[in-house]
Amino acid sequence: KYIQSDHNRDGDSYRSPWSNAYYPPLLGVDNDNAFKPSRQLRKLEQHINEVFDSYRQSYYGNASESVSSVYLWNKEDGSIDAGFAGCFLIKKDIDDRAANNDGSRLQCGYWNSIHVVDVNNLSGNKAKYELHTTVLLSIDIDTTSADAKSNATNKITIGGSLTKQVEKILPCANEASHIANIGKMIEDAEIDMRSKMDGLYIQKTREVMDAIRCEKVTTSKYGLMAAMMGGRTGAVAVNEMSDELMARLNTRK
């Protein structure tokens with residue numbers, strides 16, 4: 001199970017980070033001659049995928065909820081001694097179709113993390129790391145009125161994206177140092193961006209909806225906000241909703 005992207009694509013086929021083979025097989029091209037990292041870089045790619053998969057399980061849940069893939073490639077000179085580049089991908093799906101206790105909400109969505117890193121080995125056992133991170137978030141909430149007579153159904157979508165760029169020069173004694181340095185940079189970037197996502201999208205939605213009050217709810221007026229709040233005070237219902245959504249995104253085992 002792996003993520004398909006432009007970084008592991010050749011025509012209509014995609015290279016697996018686990019087997020290093022293209023699926024479906026490339027037409028008219030020997031698999032050994034297809035675009036792949038060098039033997040030395042491939043060993044590093046395998047090791048990084050194992051480490052990154054453990055990171056994914058810690059922050060995003062088991063394989064049924066999320067998937068990660070790492071793809072590395074050589075630079076123009078083809079030597080890993082000068083440096084390399086890579087793409088670290090995580091995809092987490094939120095697909096909980098079970099209704100809540102009040103039978104009012106069904107949820108689905110996704111969280112995608114894209115980390116592109118460029119590594120340049122420097123003299124003095126140091127390396128320069130340039131990390132470009134993009135996080136994509138989308139959550140759909142179907143709100144069904146608790147009033148059986150109105151049978152009203154509405155949909156709310158919370159979504160957006162954030163990007164971040166970080167450059168660091170860090171000590172690097174060997175290839176294992178690359179894994180530790182890149183891993184720490186990615187973890188720090190994701191923690192920071194999760195916090196910003198919470199403030200920009202979840203909390204902002206809460207503020208807007210807390211300002212809305214429904215003094216009198218009738219069947220004909222049972223619209224979007226009333227359906228979400230189930231006839232209760234807006235702050236209570238929305239606080240419960242936003243806390244639940246962030247708990248799903250920040251699941252850590």
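User: What makes up the lining of the largest pocket by class?

Analyst: The lining of the largest pocket has 10 nonpolar, one polar and two charged residues, where Ala, Val, Leu, Ile, Met, Phe, Trp, Tyr, Cys and Pro count as nonpolar, Asp, Glu, Lys and Arg as charged, and the others, Gly among them, as polar. This is a predicted model, in which local features need pLDDT of at least 70 and side-chain atom pairs count only at pLDDT 80 or more, while totals for chains, interfaces and linings use all residues. Residues are numbered from 1 along each chain as its sequence is written, and side-chain values use heavy atoms, with hydrogens and water left out.

User: Which residues lie nearest the centre of the largest pocket, and which element gives the most to its lining?

Analyst: Of the 13 lining residues, Val-51, Phe-52, Tyr-55, Ile-179 and Gly-183 lie nearest the centre. The elements that give two or more residues to this lining are α1 (39-60) and α2 (175-210), and α2 gives the most, with seven residues. The volume of the largest pocket is about 190 Å³. On a 1 Å grid over the protein atoms alone, a pocket is an open set of points where a 1.4 Å probe fits, with protein on both sides within 12 Å along at least five of seven lines, and a lining residue has an atom within 4 Å of a point.

User: How many helices and strands does the protein chain have?

Analyst: The protein chain has four helices and eight strands, which from the N terminus on run β-β-β-α-β-β-β-β-β-α-α-α; helices (H or I, at least four residues) and strands (E, at least two) are DSSP runs.

User: Why is Asn-8 called buried?

Analyst: Asn-8 has a relative accessible area of 1%, and buried means under 20%, exposed over 50% and partly exposed in between (1.4 Å probe, protein chains only), so Asn-8 counts as buried. Asn-8 lies in the segment before β1 (9-10), and, residues up to four places away in sequence not being counted, Asn-8 touches Tyr-2, Ile-3, Ser-13, Tyr-14, Arg-15, Tyr-22 and Tyr-71, a contact being heavy atoms within 4.5 Å. Over the 253 residues of the protein chain, 42% count as buried.

User: What makes β1 and β3 (22-23) the edges of their sheet?

Analyst: The sheet is open and has three strands in the order β1-β2-β3, with antiparallel pairing. β1 and β3 each have a single partner strand, so one side of each is left without a neighbour in the sheet. Strand β2 (residues 13-15) is joined to β3 by two bridges, and two strands pair if DSSP finds at least two bridges between them, so β2 and β3 count as paired. Arg-15 stands opposite Tyr-22 in β3.

User: What kind of peptide bond joins Tyr-23 and Pro-24?

Analyst: The bond between Tyr-23 and Pro-24 is cis, with omega about -10°, and Pro-24 is placed in the loop between β3 and α1.

How values were computed: Points joined across faces, edges and corners; volume = space filled by probe spheres on them.
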